[in-house]
Amino acid sequence: MKDRKLTQLIKLFNKEEGEEMGLFVRSPFFNKQESLITLWDYFFEFYPDFDDKQFPEEGAWARLFPNDPLSKSKLAQYMTKLAKLIEVFIHVKESLNDDLNQEASLSNYFYHKKSSYFFEKSQKDFHKIFKKRKAKKPE
């Protein structure tokens, strides 16, 4: 399982990001499936190397459904859901670190809500941030 997309995504995390993802997966706002928490905890036990021989599909399945025979297709579905949740986490984390992106998202939200007051304010803030960035040319 160490060559799967899910495992490769988790390997990208440093220890702090992995711990933050553990909190994220437990957030009822982003995840309402207890099984994804269980699956995350199982995978993160083997972080960062995932080399342990005790890291088979059967182990993950046994954590999720201890009384059911292994269903590789159902396990793959859960792993896909967890990988998508990790991608949402990455998106949220990156968005929080990028003030220009945050302002663009706010502008987009206000535009779709047809709130001209907030939209115009957000556009002004966006342009201020953009000008600051433009002044700082990348090396």
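1. In which helix is the place of His127? His127 is in helix α7, which covers residues 116-135. The model is a predicted one, and the points below should be read with that in mind. At 41% relative accessibility, His127 counts as partly exposed, because that class takes in values between the 20% limit for buried and the 50% limit for exposed. Between His127 and Glu103 there are 24 places in sequence, and their C-alpha atoms are 9.3 Å apart in space.

2. Helix α2 runs over residues 15-25, and its buried residues are Gly18, Met21, Gly22, Phe24 and Val25. They lie on the same side of α2 because the arc they cover around the axis is only 160 degrees.

3. What covers the buried residues of α2? The cover includes α3, residues 34-45, and α5, residues 72-96. The N-terminal end of α2 has a cap, which is Asn14. A side-chain oxygen of Asn14 lies 3.1 Å from the backbone nitrogen of Glu16.

4. The next two points concern helix pairs. Two packed helices are described by the angle between their axes and by the distance between those axes. For α3 and α5, the axes come within 10 Å and cross at roughly 85 degrees. The two helices are therefore roughly perpendicular to each other, since angles of 65 to 115 degrees fall in that class. From α3, the residues that take part are Ser35, Leu36, Leu39, Trp40 and Phe43. From α5, they are Leu75, Tyr78, Met79, Lys81, Leu82, Leu85 and Ile86. Sorted by class, this contact has ten nonpolar residues, one polar and one charged.

5. How do α4 and α5 pack, and at what angle? Helix α4 is made of residues 57-64, and it packs with α5 at about 80 degrees, the axes being 11 Å apart. So α4 and α5 are also a pair that is roughly perpendicular. Here Glu57, Ala60, Trp61 and Leu64 of α4 meet Lys72, Lys74, Leu75 and Tyr78 of α5. By class there are five nonpolar and three charged residues in this contact, and no polar ones.

6. Which residues of α4 are buried? They are Glu57, Gly59, Ala60, Trp61 and Leu64, and they pack against α3 and α5. Apart from neighbours within four places in sequence, Leu64 is in contact with Ser35, Thr38, Leu39, Leu75 and Tyr78. Leu64 and Met79 are 15 residues apart in sequence, and their C-alpha atoms are 11 Å apart in space.

7. Ser95 lies in helix α5. Is Ser95 buried or exposed? Its relative accessibility is 15%, so Ser95 counts as buried. When neighbours within four places in sequence are left aside, Ser95 is in contact with Asn101 and Gln102.

8. Tyr111 lies in helix α6. Tyr111 is exposed, with a relative accessible area of 52%. Tyr111 and Phe44 are 67 residues apart in sequence, and from C-alpha to C-alpha they are 40 Å apart in space.

9. Tyr47 and Pro48 are joined by a cis peptide bond, with omega at about 5 degrees. Pro48 is in the loop between α3 and α4. The other detail is Lys114, in the loop between α6, residues 99-112, and α7. Phi of Lys114 is near 60 degrees, which is a positive value in a residue other than glycine. At 75% relative accessibility, Lys114 counts as exposed.

Note on methods:
Residues are numbered from 1 along each chain as its sequence is written. This is a predicted model: local features need pLDDT of at least 70, side-chain atom pairs count only at pLDDT 80 or more; totals for chains, interfaces and linings use all residues. Side-chain values use heavy atoms; hydrogens and water are left out. Buried means under 20% relative accessible area, exposed over 50%, partly exposed in between (1.4 Å probe, protein chains only). Helices (H or I, at least four residues) and strands (E, at least two) are DSSP runs, numbered from the N terminus. The arc is that of the directions from the helix axis to the C-beta atoms. Contact means heavy atoms within 4.5 Å. A polar contact is a pair of N or O atoms within 3.5 Å; within protein, one must be able to donate a hydrogen and the other to accept it, and residues adjacent in sequence count only if both atoms are side-chain atoms. Axes are lines fitted to C-alpha atoms, for helices over the stretch in contact, and angles run from 0 to 180 degrees between N-to-C directions. Angles under 35 degrees count as roughly parallel, over 145 as roughly antiparallel, 65 to 115 as roughly perpendicular and the rest as oblique. Ala, Val, Leu, Ile, Met, Phe, Trp, Tyr, Cys and Pro count as nonpolar, Asp, Glu, Lys and Arg as charged, and the others, Gly among them, as polar.
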